[in-house]
Amino acid sequence: MTQQPFVSTEIATQPDLWRQVSDGFAQYGGALPKAGQRVAAVGCGTSWFMAMAYAALREDLGQGETDAFAGSEFPADRAYDAIVVISRSGTTTEVLDLIRATDVPTIAITATVDSPIVELADHTIMLDFADEQSVVQTRFATTTLALLRASLGEDLSKAAADAQTALTIDVDDLAKLEQVTYVGTRWTVGLAHEAALKQREAASAWTEAYPAMDYRHGPIAIAQPGRGVWVFGEPPAGLLDDVNATGATIVHQADLDPMASLVVAQRVAVAKSLALGLNPDQPRSLSRSVILD
């Protein structure tokens with residue numbers, strides 16, 4: 001590509017967007033679930049991984065029982081007080097079908113003003129300023145998660161500052177790794193899955209993701225020199241020693257908020273894509289939204 005891909009520009013806007021939704025939380029917060037409510041968070045692809053992160057974090061912060069589902073796997077007969085549906089396009093078939101089929105109050109977070117989800121959901125939070133031209137999602141997903149973190153009472157100022165730092169980190173050597181496995185614990189498991197997806201989408205790369213404690217139950221067998229293990233959050237005791245013994249490269253940006261480490265992973269995916277002569281804005285076989293007949 002002769003010009004900078006859209007996704008690179010979009011990645012660079014994330015620190016400001018996180019500050020924007022954190023500072024302006026009051027205008028969105030009234031629609032989001034209240035402490036004590038039993039909540040389901042739903043999405044597809046990247047949006048599912050953000051739902052996973054939100055669900056685990058909400059429970060860990062004592063806000064109430066929270067489950068996360070891919071849109072196609074939502075259990076229609078399970079009781080909830082509210083369903084948070086994340087969809088950048090607002091057109092994804094599985095989430096629209098879910099909203100039509102449920103009597104539970106739905107809160108949609110989307111980036112598309114005139115999408116069907118706006119009419120179908122009981123409440124809509126519009127993040128159109130975080131929409132993207134690239135098929136590959138970056139800033140909409142993280143801005144949504146920043147908003148959800150703010151709704152749980154978290155201060156996002158350090159995360160935004162760390163994301164600014166993440167934009168300056170040299171990623172060339174990381175982009176040269178043959179294979180990377182991403183691991184996390186609790187809410188950062190969703191981030192691990194999202195980081196792996198970015199490399200698969202943008203660079204057609206072999207990546208995997210697991211809960212960190214489960215990594216030693218098989219996946220560590222592929223670790224070797226020239227490959228990497230990327231750790232989000234605090235690693236379980238002994239994990240880094242075990243990975244070191246394999247010769248694999250450990251990526252553990254302990255000083256960064258885990259969402260900022262995801263920004264670094266996004267940049268690695270783009271760098272790897274460009275090095276392979278691919279177009280990170282338009283991955284093969286992908287479109288902005290999956291709409292089924």
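1. Salt bridges. A search of the whole structure finds 14 salt bridges, a salt bridge being a side-chain nitrogen of Lys or Arg within 4 Å of a carboxyl oxygen of Asp or Glu. The structure is a predicted model, in which local features need pLDDT of at least 70 and side-chain atom pairs count only at pLDDT 80 or more, while totals for chains, interfaces and linings use all residues. Residues are numbered from 1 along each chain as its sequence is written, and side-chain values use heavy atoms, with hydrogens and water left out.

2. R100 pairs with D97, and the closest N and O atoms are 3.3 Å apart. Both residues lie in helix α5, 3 residues apart, about one turn of the helix; helices here (H or I, at least four residues) and strands (E, at least two) are DSSP runs, numbered from the N terminus. R100 is exposed because its relative accessible area is 52%, whereas D97, at 41% relative accessibility, counts as partly exposed. In these terms buried means under 20% relative accessible area, exposed over 50%, and partly exposed in between, with a 1.4 Å probe and protein chains only.

3. The buried residues of helix α5. In this helix, which spans residues 93-101, T93, V95, L96, L98 and I99 are buried. What covers them includes the strands β1 (39-43), β3 (82-86) and β4 (106-110), together with helix α6 (116-120).

4. I83 in strand β3. I83 is found in strand β3, and it counts as buried because its relative accessible area is 0%. Leaving aside neighbours within four places in sequence, I83 is in contact (heavy atoms within 4.5 Å) with A40, V42, F74, L98, T102, V104, P105, T106 and I107. By contrast, I83 and Q179, which are 96 residues apart in sequence, are 36 Å apart in space, C-alpha to C-alpha.

5. The side chains of R149 and D257 meet in a salt bridge at 3.0 Å, N to O. R149 lies in helix α7 (residues 139-151) and D257 in the loop between β9 (249-251) and α12 (258-275), so the pair ties together parts that are 108 residues apart in sequence. Both R149 and D257 are buried. K198 forms a salt bridge with E194, with 2.7 Å between the closest N and O atoms, and both of these residues lie in helix α10 (residues 187-203), 4 residues apart, about one turn of the helix. K198 counts as buried because its relative accessibility is 1%, and E194 is likewise buried, with a relative accessible area of 1%. Elsewhere, salt bridges that share partners join E59, D60 and R186 into one network.

6. T144 in helix α7. T144 is found in helix α7 and counts as buried, because its relative accessibility is 0%. The side chain of T144 reaches the backbone oxygen of F140 at 2.9 Å. Not counting residues up to four places away in sequence, T144 touches I86, I109 and L127.

7. Aromatic pairs. The whole structure holds 6 aromatic pairs; rings of Phe, Tyr and Trp (its six-membered ring) pair if their centres lie within 6.5 Å, and planes under 30 degrees apart count as stacked, over 60 as edge-to-face and the rest as tilted. F69 and F74 form an edge-to-face pair, 5.8 Å centre to centre with 90° between the planes. F69 counts as buried at 13% relative accessibility, and F74 counts as buried at 14%. Y182 and W230 form a tilted pair, 5.6 Å centre to centre with 40° between the planes. Y182 lies in strand β6 (residues 180-184) and W230 in strand β8 (residues 228-231), so this pair ties together parts that are 48 residues apart in sequence. Y182 is buried at 0% relative accessibility, and W230 is buried with a relative accessible area of 1%.

8. The cluster around Y80. Ring pairs link F69, F74 and Y80 into a cluster. R38 lies over the face of Y80, at 4.8 Å from the ring centre; a charge sits over a ring if NZ of Lys or CZ of Arg is within 6 Å of the ring centre and within 35 degrees of the ring normal.

9. The UniProt annotation "domain: SIS", from an unreviewed entry, covers residues 29-166; UniProt positions are given in the numbering used here, feature names are shortened, and annotations may be inferred rather than shown by experiment. Over residues 29-166 the chain is 38% helix and 17% strand, and the end C-alpha atoms are 28 Å apart.

Notes
Polar contact = N/O pair within 3.5 Å; in protein donor to acceptor, adjacent residues only side chain to side chain.
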